[in-house]
Amino acid sequence: MRMNRIALSALVLGMGCSSSSGPSSTASTAPTLLPGEACDPSTAPNVVVHFDPPSLVLAPGQARPVKVIVDPDLCLPLTSTFATKDSGLVSAPTSFTFDLRHPTYEFQVQAAPTGPAKITATSLTVTVPPRAPDSTTGFAGDRAPSTGTMPIEIRPPTVPTCTPSTGPNGPDSASGNLSASSSVVNGAGNLADAYVSVAAGAFQRTDEFGLSPFSATVSCAGSVASAAPGKLVALGPAVTFTPQDPSWLTHALRREVDFAVPVNPAAMPAASRMRHVVVLYQGPRAKTPRAVPVANPRFHEASDHTWVMTFSAPWFGTYQAAVPGGAGTVGFTRHLTHRAVLGISMGGGGAGIFGWRHHDQFDAIAPLGGNSDLTWLVWDIEQFKFGGFCPASQPNCPKYAPNLYPLDEPFAHTEDFDHWFYQPGGGTGGTFSRADWTQMLEDFSLMGGNPNGQNADPSIPFMVVGPKASDPFVHGTVPNTDCSVTIEPISPSPDDPPALQAQEAATQKQQQQTQQACLASRCDPANAWKVASGFYDGQYNPDGSHPVIGFCDGGQSGMSPYVDTWSALAPGQGVPSNLTLAVDLNGNGVRDPGEPVIRQGEEPYQDTGTDGKADADESGYDPLANPDPNQDDYDFALNPNGTENDHTWEQGEPYQDVGLDGVPGTPQQSAGGYDVGEGDGKFTLSAGAAAILAMDPHAELHGRATPAGGPITPHALTRVNLWADGGVRDMANFAVVSNHLVGAVGSVLQPDGTQVKSTAFYNNFENLPGADPTQPDQFLASQVLWSDVAQAANLRYGALDATPEMIQLGDGQHVGTATQIVDRLVTGFYFAANSWPDVDRTLPASLVSDPSDPSYNAETTTINELGTACEIKGHCETYFTGPVSQRKGPLAVTLPPGYALEASCARDERYPVLYVLHGYGQDPRDLEATAAITANYEADRLKSSASRLAKMIVVYVDGRCRIDPTTNAPECVRGTFFLNSQRQVQGHPIGRLDDWFEEVIQYVDKNYRTMAPSDVDVVE
């Protein structure tokens, strides 16, 4: 999806370097600088002392690891003192010398064996003496010492309990009303601090995210931890949250509500972290307790030294906090490739698809928005974007407003073909009109295949069944021009020489004229594809009596948030719809509002699960007490391995072997008809749908497809982490898409039934561990406790109940506000960097760019075929031609500060690589301004090497549709989605973006000082 250029500014430092290597230096307490390293005490006005974790809760006799960090870099050693408020309660080291090589100190805080009679608060204070004056820099020295204090609480490790009751009036039970004026219901007795809460804004809206006032009960359920998979330590009791409407226990709400359950942090295993804590859930659809991902997990001191775990979830039921008994002590060797891939929008889909397809090549995969879970997204498009019509068998089916279609899916916006969701605002990143959407869907089918039907002509696999390549609706009537695919005109590059820009401008004008003429020709009603009768569709044209037609889309006349509401086109306007045909109910030769569009991507089947039985047919079914007797219903959080209603056909599910048209006895394409697959004895998908699912990360994680990097086994998954995001008002439901991708990662289990990866959701940046949820405007990614962040996470940005003013600024939309888009990128960079404990974070020496300066080495050499000039700038660009694919496209590389220093080369300093994929209609140069983000954080002089972003090479990979050099044919229209195209032109495969991307990786490794793979020992 298209995103505007990011306007950022920063100074990127660098100078020439040699490819020669030298010995690497070892850590020392001495202030000796490494070659090419700088340390200036005057750059940071204050020394900051902070702790990880920021506070401790200890049981008597218990010891927990702590890390104290000092920022910025200390150019001279400083011996700091450690003091506990009450040395009789806790003990810790008394001093440590911090210096340039030791900005952190890891130690144990030990509680006294005999605890106090009551819960007691104390603290540990670390005092760093003032830095000395430095006459060479003019630094006057610090006026006073710097201190940091970590609160410590000593309390017995006793796990809180409560008294279960058979009715609503037990000693620890309480009920109350939830409304705009009363948004919290607390428990009673031992559950006085447990609560369920609903944001007041939920009761003030009447749309899909609104709730009517209701009552709820908070009651004790005892404990369910022993019945859950894994050897778990309960941190508190299980608490049942019961809504007034019992049906709310059987399905997810459209929005999340907030919960709190009692915990005792002192019961945590000594080495465990917040990422190890699991939330167990039990309810009618999860009769066996199991760990489920929740949003915003956090420990919170409620009152009078009592603690709760707070979180958000869309399910009412029973919850309990627990932690694996060995958390933080399980060690293993992790193989690092020192590569990560991150993308935005279309690039987010590319990062997800390419990253999981080649999971053996990456340590972190970060799809920021985008089509990264195709199983759910293709189903959503089929059901809603192409839906909303009554079948012929039920002409008076229920009618719904576009936002009120039944769907138990948190954060999801529903729509139908005549009313596409689009909410204007400053954070959309483009107009996303119906014409834009039609073109994007065309590009996706050009590259991935058409999931909505199967054309008989192999030269146009992107086209829906019916039209031929020679038909005017496909080929057009422009002389000497094949209009089936016309490239969006490519603008001249401002970085090219003037003569080349003039040539590019002439090509752009010619491409624009061709595209305009072709669109007008293909959308001329005289050229529309039509079949008067005999085109069958099981839903909308079962007897084949109605005409079926091709049509163009692009007219709209709606209001926000459904601006993209269907409207008729003037003759010759619009964009041809390659994925859909319409049933012309009134026979007037054009598609009118309400006339259904045909979906023929798969044979009709019942999504009953592998047991072949729908819930209502399973033994013991009760819609409220036992809605899923066999416990096989899919839910991305409660049951990601469920097969019923998982939007995928599996062996054992009933299907009708009637072909893609869904009607028995119709002519097959082999006999001149339009149907495929009838009577072949197997479940049939369209070729495009099969191709899409074969590269779908969701299918690969579930083992239904095998990626190029090999099966994603539990062992393979241990080395790859996932960071995803999506806006709560994204017009493509990408927050929901990422929910399902995180759920798919959670579906990969250890032999004991526990998840291989910890999973969680975070609603806005301020709810990340270490951030202050009360100060969203103060968020800094550098302050996040990344050791507490889940290994597979989805950040849903934007306020669900945002004001109109916030929405107008772009809150939660496709790109987000100006602040949100920067935070999205920065958190993605930091998440990737957290995978690399062994990379360089030193501060580089200052730039020497004057050739007359004695420090400038004009004789430097490089392994880079582009020479040293671009390395000195810190930014290299080229047009790269894949040696095998022969695909040609721009490649932009930004280098970390200090990369080009001769000294950095002399010690053969090498760097990890982050591959960044751009949005729809962009090219790599549109994201070059993100170099400011990496450079600023990598050279942050207010931080030490413990807090600074790891230096990395950032490679911006091209995904813009271009002209194939072999056939001179367009790869696609605007965006490739970073996929291998399903098309061939003149027998030659074109648009092989997956292949080209692999060649880019090989090129980067050959021409830049990239880090080689290595093995590191980690503790999980």
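1. The S to S distance is 2.0 Å. The bond links distant parts of the chain, 29 residues apart: Cys523 sits in the loop between H5 and strand E26 (530-531), and Cys552 is in strand E28. For the labels, helices (H or I, at least four residues) and strands (E, at least two) are DSSP runs, numbered from the N terminus. Both Cys523 and Cys552 are buried, and buried here means under 20% relative accessible area, with exposed over 50% and partly exposed in between (1.4 Å probe, protein chains only).

2. Before going on, keep in mind that this is a predicted model, where local features need pLDDT of at least 70 and side-chain atom pairs count only at pLDDT 80 or more, while totals for chains, interfaces and linings use all residues. Residues are numbered from 1 along each chain as its sequence is written, and side-chain values use heavy atoms, with hydrogens and water left out.

3. Back to the cysteines: the structure holds 7 disulfides. Another of them joins Cys483 to Cys518, S to S 2.0 Å. Its torsion about the S-S bond is about -65 degrees, so the Cys483 and Cys518 link is left-handed. Cys483 lies in the loop between helix H4 (472-475) and helix H5 (498-522) and Cys518 in helix H5, so the pair ties together parts that are 35 residues apart in sequence. Cys483 and Cys518 are both buried.

4. Cys870 and Cys876 also form a disulfide, with sulfur atoms 2.1 Å apart. The handedness here is right-handed, with 80 degrees about the S-S bond. Cys870 and Cys876 are both buried.

5. Have a look at the two cis peptide bonds described here. One runs from Asp52 to Pro53, with omega near 0 degrees, and Pro53 is in the loop between strand E1 (48-52) and strand E2 (56-58). Another runs from Ser560 to Pro561, with omega near 5 degrees; Pro561 lies in the loop between strand E28 (552-553) and strand E29 (564-565).

6. Strand E2 belongs to an open sheet of 5 strands with mixed pairing, in the order E2-E9-E8-E4-E6. Its edge strands, each pairing on one side only, are E2 and strand E6 (95-98). Strands count as paired if DSSP finds at least two bridges between them. E2 and strand E9 (residues 146-154) pair in the parallel sense over 3 bridges, and Leu58 has Ile154 in E9 as its bridge partner.

7. Now for positive phi in residues other than glycine. Ser345 has a phi of about 60 degrees and lies in the loop between strand E23 (339-344) and helix H1 (346-357). Ser345 is buried, at 3% relative accessible area. Phe432 has phi near 50 degrees, in the loop between strand E25 (419-420) and helix H3 (434-448). Phe432 is also buried, at 3% relative accessibility.

8. Finally, which side chain makes a polar contact with that of Gln791? The partner is Glu1020, at 2.9 Å; a polar contact is a pair of N or O atoms within 3.5 Å, where within protein one must be able to donate a hydrogen and the other to accept it, and residues adjacent in sequence count only if both atoms are side-chain atoms. Gln791 is buried, with a relative accessible area of 12%, in the loop between strand E33 (759-763) and strand E34 (792-797).

Terms used: Disulfide = S-S within 2.5 Å.
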